[in-house]
Amino acid sequence: MENKDKIKVVAAIACLAVISVFITTQYRRKRRAFKTSSKKLCYIETEQKPQSIFKRVLADNSYTPFKHFKRNEANNEHSLNSHPYEEEITALLENPKVEFEFITGDFDLEINGSAVWVETESQLEELVKVLSKERVFAVDTEQNSLRSFLGFIALVQISTQKEDYLVDTIALHDAMGILRPVFADPDICKVFHGADNDVLWLQRDFHIYVVNLFDTSKACEVLSKPYKSLAYLLETYCSVTTNKMLQREDWRLRPLSVEMVQYARVDSHYLLYIADRLASELKIIDSACTGDKFQFILEANRRSNMVCLQLFAKEIEPFPGDSSASSILSRHFNVQGSISSKCHEPKELVRRVCLWRDLMARLHDESLRYVLSDQAIVALAHEAPKTPTEIYDIIHHADLNLDGLTIGSSLPSPSPVVCSHLEDFDYLLQEKTRNLDDDFVRILQNHLGQNASCPLSVYNYALLSVSSLKTANVIFLKKDGGKTMKQVGRKASRDLFVQKFSCKAPVYHNCRIHASDGRLLCYCDRRKLEWYIRRDLAKLIDNDPPAIMLLFEPKGRPEDEGNDFYIQSKKNICVGCGERNHYLRYRIIPSCYRIHFPEHLKSHRSHDIVLLCVDCHEVAHSAAEKYKRQIAAEFGIPLFVRKVADSRQTQAITGTSGFVENLEEAGVSPLQLRIAAMALLRHGPRMPSERREELKQVVMKYFGGREISEEDLERALLVGMSPHERRRLEKKRGLSFKHSLGSVLSNEAHGNNYKDNGASALVETSEVNISDDICSHEKGECSKQGGENLLKEIDTSASNMPMCSDLSVNRGSSTGGGEDDARRMFEGENDMETGSDHESRSSNGNGDCCPPRLTEIASPNHNSKLSVLGHGPHGKQVVDHILKEHGEDGIRQFCQRWRQVFVDAINPRFLPVGWDIKHRI
């Protein structure tokens with residue numbers, strides 16, 4: 001009995017133990033499940049993206065530069081900066097191959113049968129064998145850009161005269177290099193339409209480089225077609241209409257719909273026929289213009305193959321999200337009626353959220369627009385929501401208010417990226433300002449790498465190396481010290497220069513102006529279009545991109561002048577290296593010369609104004625300064641005014657036996673004079689006595705050694721200073737020129753017609769004498785004691801020499817050329833004129849000009865608008881001499897010399913189509 005009781009007790013204990021173990025296990029399992037569920041999975045874990053099957057990508061989403069195909073393995077640096085097939089393309093430019101026909105026999109305009117779908121390597125190799133036997137084939141591509149950071153080609157269409165091929169580049173992404181040899185074969189012509197993007201995309205995704213290209217859009221440009229879209233050509237030559245909305249479909253989808261297949265096939269099927277028709281028209285024009293050296297078919301071929309020289313490059317920002325943040329701030333925070341610019345916190349939030357968006361787009365391989373719209377960022381920065389519900393609502397309402405976005409309705413709002421990583425906004429939207437570098441590291445650590453929320457992929461793996469090197473770089477900088485810190489300092493200085501001086505908005509808007517008969521006249525900016533429309537001088541005929549048709553007959557047409565350059569669209573990139581992130585305007589012909597050209601020779605300034613990045617700008621500027629010195633030596637006209645002297649004190653010296661020697665003692669550098677006068681005016685009483693006396697001697701030397709007063713200091717400070725410089729000085733330094741009101745000669749009020757009654761003097765061949773006499777703005781009278789700021793040349797017969805014409809430069813009154821040019825109605829100029837009207841139009845060249853010699857200087861009447869510290873006097877005398885000796889042909893040759901200097905210095909590969917060293921102005 002006792003045994004039975006013991007057995008029952010043991011059994012009960014065992015049952016209790018089993019039950020307790022079971023309960024504990026279940027509890028731990030539920031707790032583990034709770035912990036797992038509390039950590040949100042990234043949406044990418046459940047959504048299979050087509051590009052996730054790619055085993056290798058040439059352009060990942062890291063911040064490292066793109067590496068181009070290396071034909072020569074031994075030269076790694078060359079492959080980064082040079083086109084691997086530049087030699088073959090250059091040979092085609094010099095000796096174009098256009099003797100063949102694009103089609104042979106009859107071409108059936110009806111599309112029969114079905115296209116060949118290529119999705120395996122064996123099929124791709126068979127296609128290569130077919131194409132290698134052709135002399136010409138047509139190509140088009142379809143890209144997906146919404147669901148990818150850099151975008152990728154989702155389909156390639158290739159057509160011969162007999163067959164159409166659709167290449168599935170998603171299935172064959174890692175094998176597309178098989179096509180490289182046939183695309184690079186210079187004996188096979190590839191026909192594209194609008195190949196600018198296609199050429200870059202093929203390089204980016206597959207290292208495929210196009211050699212020997214015929215672009216039907218370039219042929220349209222040469223023929224001055226009213227439109228150059230493929231839809232226009234299909235309707236004109238083939239009576240085929242296409243639905244361009246299909247271009248925005250998701251080309252990643254497999255299988256493609258019937259409509260998408262048909263659309264893709266049409267894009268390449270008719271290209272050979274269209275190219276043949278356009279080539280025939282070009283040849284007809286060439287045969288009709290037998291005496292003309294310009295051959296239209298060769299020009300179309302040249303423009304097409306220039307496209308092949310383009311090289312793909314990643315847009316590398318100074319800091320992640322910086323470009324987007326700057327754009328948003330300029331559009332939404334600095335415009336009247338938008339968010340107040342006085343509030344600094346929203347601006348910091350914008351930069352922080354743009355950083356997060358940039359990194360998340362790179363990590364998940366999504367476009368910036370898909371992750372978070374600009375309008376949503378502005379709303380978040382303005383409202384600074386606290387709860388997830390508020391964040392959801394603000395983003396959703398901001399996206400609903402997007403105007404004119406056709407794809408907006410198909411996008412989830414908020415995006416899966418935001419929904420998966422909503423916890424990031426807890427610290428992104430905090431009011432406390434933090435270092436963006438810390439945010440960068442934190443975001444990467446939270447979302448990439450070990451125990452992070454986002455999976456690694458071929459697109460984001462390289463980002464790990466960037467973050468891991470940040471700490472190492474800081475340590476290296478501290479150890480290396482001097483040299484590296486100087487390099488960092490130069491880089492910081494360069495970045496600041498880029499931020500401050502680079503163009504803040506696109507320079508080229510590529511808006512079109514058409515004549516009343518539909519012919520394209522020029523490209524321009526939006527302001528010019530708006531000017532015409534506001535005055536009922538034109539009507540709007542297209543919105544994207546904007547285009548207008550004039551309601552009057554313009555003064556001139558591009559074809560009347562032979563300037564095809566002005567009817568070409570232009571890209572907002574550096575013409576030297578192709579940099580897209582920043583650029584500055586660069587004047588190939590320096591303004592110190594061009595402002596003095598006759599007015600009719602300045603009617604097309606935009607040809608000689610190009611866009612350069614900071615690095616190319618520095619190289620070009622250095623070459624230009626070097627060539628200026630050569631010009632100065634060639635013409636015997638010094639670049640700078642080296643010494644100035646008060647005209648009244650030089651009267652006592654002129655005519656004496658020690659003339660030159662005494663004047664050398666009296667003259668003083670204008671820069672030294674200005675610095676000394678400024679220092680004495682601001683800090684004179686607080687200076688050490690020795691330094692004060694040293695600076696006083698500099699000013700006294702200008703006044704002939706006599707004692708000086710505060711009034712003399714103010715007059716000395718204004719010597720040779722332009723009105724713009726004076727206004728800037730008064731604003732910046734806070735000086736009030738109580739003794740010098742009106743001391744700058746007012747040419748506007750008095751017409752620059754004053755004559756010098758006293759003798760002014762130059763100390764050397766490059767030294768000038770400037771009187772400090774006052775022209776009163778109140779009375780309108782000028783003192784006649786010692787002359788009125790006139791410059792005369794030193795010679796015993798100086799009083800008998802004819803005076804040179806006035807220098808007139810207005811450097812401070814222009815606000816941009818778009819509207820000013822529009823007021824001149826139509827003269828064939830394009831939107832590059834914006835910012836170029838700093839060149840004055842008041843130089844009329846009246847008056848005789850003194851021929852310069854090495855032992856003397858042709859000294860014009862000094863215009864007080866022109867600073868003596870610049871190259872203005874030198875430029876005026878050079879231009880006057882050329883006009884007198886060689887006429888306008890000499891000016892044209894002078895311009896060609898400057899263009900050659902620019903080309904030799906930069907070796908530009910991205911110049912606008914039609915730009916030419918021998919362009920006639």
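In helix H15 (residues 374–383), the buried residues are Ala376, Ile377, Val378, Ala379, Leu380 and Ala381. Buried here stands for under 20% relative accessible area, exposed for over 50%, and partly exposed for values in between (1.4 Å probe, protein chains only). Helices (H or I, at least four residues) and strands (E, at least two) are DSSP runs, numbered from the N terminus. The model is predicted: local features need pLDDT of at least 70, side-chain atom pairs count only at pLDDT 80 or more, and totals for chains, interfaces and linings use all residues. Residues are numbered from 1 along each chain as its sequence is written, and side-chain values use heavy atoms, with hydrogens and water left out.

Helix H15 is followed by Ala384, a residue of the loop between H15 and H16. Although Ala384 is a residue other than glycine, its phi is positive, near 50 degrees. Ala384 counts as buried because its relative accessibility is 18%. A positive phi is also found at Asp365, which is not a glycine and has a value of about 55 degrees. Asp365 is placed in the loop between helix H13 (344–364) and helix H14 (368–371). With a relative accessible area of 3%, Asp365 is buried.

Cis peptide bonds occur in loops as well. One joins Arg254 and Pro255, with omega about -5 degrees; Pro255 lies in the loop between helix H8 (230–238) and helix H9 (258–269). Another joins Ser413 and Pro414, again with omega about -5 degrees. The loop that holds Pro414 runs between helix H16 (388–400) and helix H17 (416–420).

Four strands form an open sheet in the order E8-E7-E10-E9, and their pairing is mixed. Strand E8 (520–524) and strand E9 (538–543) each have a single partner strand and stand at the edges, so one side of each lacks a neighbour in the sheet. From one strand to the next, the twist averages 25 degrees. Two strands are taken to pair if DSSP finds at least two bridges between them. Strand E7 (residues 511–514) runs antiparallel to E8, and 4 bridges join the two. Across this pairing, Cys511 stands opposite Cys524 in E8. Helix H22 (residues 526–534) packs on the sheet and touches E7, E8, E9 and strand E10 (546–550). The direction of H22 makes about 40 degrees with that of E10, where axes are lines fitted to C-alpha atoms, for helices over the stretch in contact, and angles run from 0 to 180 degrees between N-to-C directions. Contact means heavy atoms within 4.5 Å.

Leu16 belongs to helix H1 (residues 2–38) and, at 58% relative accessibility, counts as exposed.

Overall, the protein contains 34 helices and 12 strands. Of its 921 residues, 51% count as buried. The protein exposes about 44600 Å², of which carbon and sulfur atoms supply 52%; accessible areas come from the Shrake-Rupley method with a 1.4 Å probe, and for residues only the protein chains shown count as cover. Among contacts between residues at least 6 apart in sequence, 73% join residues at least 24 apart.
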